Amino acid sequence: MEMKPKTGKIISINRFFLIFLTHAVLTLIGTALLWAVLLSAASVFHVLVPANAVERSISAWCETLDGHSSITPEEIPSGADYAIFDKKGVLMQTNLKEDELKSARKMASQNIPGDIKRSGTYISLRLFTDSQCVIVSYRLAARFSSPLLRRIFPNAELFFFLLLLFMIIADMIMISVRYARKLNRELQKLAAAADRILQQTLAFEVEKTRLLEFNQIMDSLEHLKADLQCSLEEQWAMEQRKKRQLTALAHDIKTPLSIVTGNAELLLETEQTGEQREYSGFILSHARQIQRYVTGMLEIARPAGSPKGRCEIRKLLSETAENIESLGKKKRLSCVLTAENLPDTLPVSKDGLCRILNNLIDNAVQYSPDGGTVFLSAQVRGTMLQICIKDQGDGFSGEALLLAADEFYRADPSRGSKEHFGLGLSIAKQIAAELGGTILLENAPEKGALVTVSLPLSR
């Protein structure tokens, strides 16, 4: 099946990343230009003082010093630091820091020619008057004109460098997030299609992505979906045929079996020798056993569905307890019923719940020892009603805990019986699932098997 793109042009992954790279480069260039504009605007509007502004001020000031007998701090241009010494080298006034002051003392005391000292971007001038030696220091670096900004950001060049770095990182993050979202949207289409196929929800149209390589995967998923749908339809049809055949076979067996059973019962009423009566008893016993087997086959083949209705749960539990004692008369079994905080009714059909309980109590009675007790209890747990049936038999083996609810499972020797065909728990599990519930098999802490039926309180 050919998929039609819903929106957008289909491109390859290589082109997608090439577009991403091109967009990233163009954005970086735009960011750099914006940063340059900001830097120029800061200079034009005198927010930022150029690096050579102080040097020009000092040069102009030095040309006015001829004939000055002394220099005062007020005369020194703004942006420059100073240290004023007398002729004997005694410090008179300064605003230099300790380390800078040491360098100024050294420069003032030197008698070698040269009145300018450079150290990186720092420049120091030595000026003489009739009574003073003045060291003026300044830095060839841009600075903010506002005192407040200078106090917060002493190094304006570092500030603008960090601003550029921040703008680049922010742009890269935004571009990466944008393209990651685009890529994620296409990946979500793949994930959604794969998830629906995994859940076998196949009634959907595979949506085409905007990436060529992803569409190739989508084509594979489309073929997989079609093959799986075909396989499931064949499997469902085969299952339906099997159930129809099983039902037909059970019905075909039921009629002659009823005749055999009826005649065996009539034969037992006639005069017979002891040996003949024994043979007739065997015929009747095994015919009834086959009847129970056929009944179980019909239960398994019954069409699935969730019948509607409500049942009076307390009344049903009482009837179930009576059925346990009635079925267990030969074994002298008793039943203990416990019910806690039960609702008046449960939103399941009485017939469906009866079928579950009848299969479970049949097992419990069958595997209980003579004179034992079957415990029947019900309580509300959250949004579920839990019905527990516990016997005093040998319990389940480890293998049976995993497989006992499978059809025709009879591998557990501890619970083996000629009367057991491996259908009771399977039927109960199937009906519970139709009613929106579950069945849990456990071994009771003290002894015996414990089967818990959980059904929703509302549907």
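Helices here are DSSP runs of H or I with at least four residues, numbered from the N terminus. The model is predicted, so local features need pLDDT of at least 70 and side-chain atom pairs count only at pLDDT 80 or more, while totals for chains, interfaces and linings use all residues. Residues are numbered from 1 along each chain as its sequence is written, and side-chain values use heavy atoms, without hydrogens and water.

Helix 1 (residues 13-44) and helix 5 (residues 156-198) have axes that come within 10 Å and cross at roughly 155°. An axis is a line fitted to C-alpha atoms over the stretch in contact, and angles between N-to-C directions run from 0 to 180 degrees. The two helices are therefore roughly antiparallel (over 145 degrees). The contact of helix 1 with helix 5 involves 21 nonpolar, 4 polar and 3 charged residues; Asp, Glu, Lys and Arg count as charged, Ala, Val, Leu, Ile, Met, Phe, Trp, Tyr, Cys and Pro as nonpolar, and the others as polar.

## Helix 8 and helix 9

The axes of helix 8 (residues 313-327) and helix 9 (residues 350-367) also come within 10 Å, crossing at roughly 30°. That makes helix 8 roughly parallel to helix 9 (under 35 degrees).

## Salt bridges

The whole structure holds 6 salt bridges, each a side-chain nitrogen of Lys or Arg within 4 Å of a carboxyl oxygen of Asp or Glu. Glu222 forms a salt bridge with Lys225, with 3.9 Å between the closest N and O atoms. Glu222 and Lys225 are 3 residues apart in helix 6 (residues 212-268), and therefore separated by about one helical turn.

Key: Parallel < 35°, antiparallel > 145°, perpendicular 65-115°, else oblique.
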